[in-house]
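Hi,

Here is the model I said I'd pass along.

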2 protein chains.
Amino acid sequence: MRKVPAQIASKLHLALPLIAEQGLEQTKIDEIADTAGIPKATLYYYFSGKEEILAFLFEDMLTAIADEASIAMGTEGTAVERLEAVVATQIRLLTQNRALGSALIGDLGRISRSPALVDSLQSAFYTPVENLLIEGAGDGSLRAIANPLLGSMTIFGSVIMSILVTVIAPADDLDVPNDLAGELLDVVMRGLLP
Amino acid sequence: MRKVPAQIASKLHLALPLIAEQGLEQTKIDEIADTAGIPKATLYYYFSGKEEILAFLFEDMLTAIADEASIAMGTEGTAVERLEAVVATQIRLLTQNRALGSALIGDLGRISRSPALVDSLQSAFYTPVENLLIEGAGDGSLRAIANPLLGSMTIFGSVIMSILVTVIAPADDLDVPNDLAGELLDVVMRGLLP
DNA sequence: CTAAGTCTGTACTCGCAGTACAAACATCGT
DNA sequence: ACGATGTTTGTACTGCGAGTACAGACTTAG
């Protein structure tokens, strides 16, 4: 895969609603080309096919999330505060690009089939959260759970589920992403028991 | 779609590892036919295409989960105890049929595109959990969270994520599904704060 | 001002999803 | 026994659309 110019990358996003709505399988490459305003021949100059186009866009978003999460992790504050910042960042970037976000969440299978994407997913979601959980257990701001990975999975799971739900059935009583991060963390932090 | 005989349905499961591994897109209908030992013409007699085959299998699993969850909900015990039973059931059925479970989780996008499957998903996962959360808030065994839906999403999210992770990177230190339900609920119930 | 790389239009191949259809086979009511 | 109705399957086919081939235009830099 050649280095993709920013111009092309940005145009590709125009085709995302299409892909998110009907799935990659049902989306013809000519549709993508037309919607994005990129000639088919040019697409094939940069990518080897549909799969790679979507993978590129996923990688793009995951890298952006990983970068911003890394910044959020480096700020001042307790582990809990930074955890909140990281999760808020993840939610913000996922919802900001709703079509890409929902395509990504709806296609976890595709991600799990590509080692490169699995890496990016981990850098964007698991690793930062898991590190903060461990750190928080160290400084006492979080309890030491038996399996920090399980904690990060719980957080990741609630993040993507809440977003998926807003895609399936746009909830009127939930202001995504402004309220979501806060409410969600409240549940995850304090638990469900009284 | 005609009524699918049990014989056919059960044979179809043979093709699932294939689909889970390489995705439906890359799986040829002849491969499915060969692997399952069902003539292609017969497949098209019952289903209108690949999509519908997978949708049928998803529906199958989701209905089974909804049924057993409903049974678990009806047993004796506090809301919390029954919640544990429901979640354990969900995890058990998802992991019991690992290929189908991971195909389902990896393809949430496909599910969200089909109203019928969305319904089944809700009956299998959201509704029972959400009801128990509300019930628990009523009898005092759970705290009254602002948004019960968020609680059920958190639980559903952690369930599917933990399973997805074991698919991506089979963890040696986690005995799925025996330990999973317990550990996971511990995290979700007590929260991450000390 | 040429060489190497980028971009795009046009025309093509071909694999595979889905169709058509007829013949074999089963089931059942009368 | 027998027609009627539905099931099952083999074989042969059609057509869409992914991906390829390639030539010519256009850009950039050495």
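**The pocket**

The largest pocket holds about 620 Å³ of space. On terms: with a 1 Å grid over the protein atoms alone, a pocket is an open set of points where a 1.4 Å probe fits, with protein on both sides within 12 Å along at least five of seven lines, and lining residues have an atom within 4 Å of a point. Points are joined across faces, edges and corners, and the volume is the space filled by probe spheres set on them.

Before you go further: this is a predicted model, so local features need pLDDT of at least 70 and side-chain atom pairs count only at pLDDT 80 or more, while totals for chains, interfaces and linings use all residues. Residues are numbered from 1 along each chain as its sequence is written, chains are lettered from A and ligands numbered from 1 in the order in which they are written, and side-chain values use heavy atoms, without hydrogens and water.

Back to the pocket: 42 residues line it, and Gly106(A), Asp107(A), Gly106(B), Asp107(B) and Arg113(B) lie nearest its centre. Helix H2 (residues 16–26) of chain A gives the largest share of that lining, 9 residues. Helices here are DSSP runs (H or I, at least four residues), numbered from the N terminus.

Asp107(A) sits in the loop between helix H7 (98–106) and helix H8 (108–112) of chain A. Asp107(A) counts as buried because its relative accessibility is 14%, buried being under 20% relative accessible area (1.4 Å probe, protein chains only). Not counting residues up to four places away in sequence, Asp107(A) touches Leu54(A), Phe58(A) and Gly106(B); contact means heavy atoms within 4.5 Å.

**The DNA side**

Around DNA strand C there are 14 residues, with Thr42(A), Tyr45(A), Tyr46(A), Ile29(B) and Lys40(B) coming nearest. A residue is near the strand if one of its heavy atoms lies within 4 Å of it. H4(A) supplies the largest share of this surface, 4 residues.

**Between the chains**

Thr154(B), in helix H10 (residues 148–168) of chain B, is buried because its relative accessibility is 1%. Leaving aside neighbours within four places in sequence, Thr154(B) contacts Thr154(A), Ser158(A), Val187(A) and Val188(A).

Cheers

Terms used: Helix = DSSP H or I, 4+ residues; strand = E, 2+ residues; numbered from the N terminus. Buried < 20%, exposed > 50% of the residue type's maximum accessible area, 1.4 Å probe, protein only.
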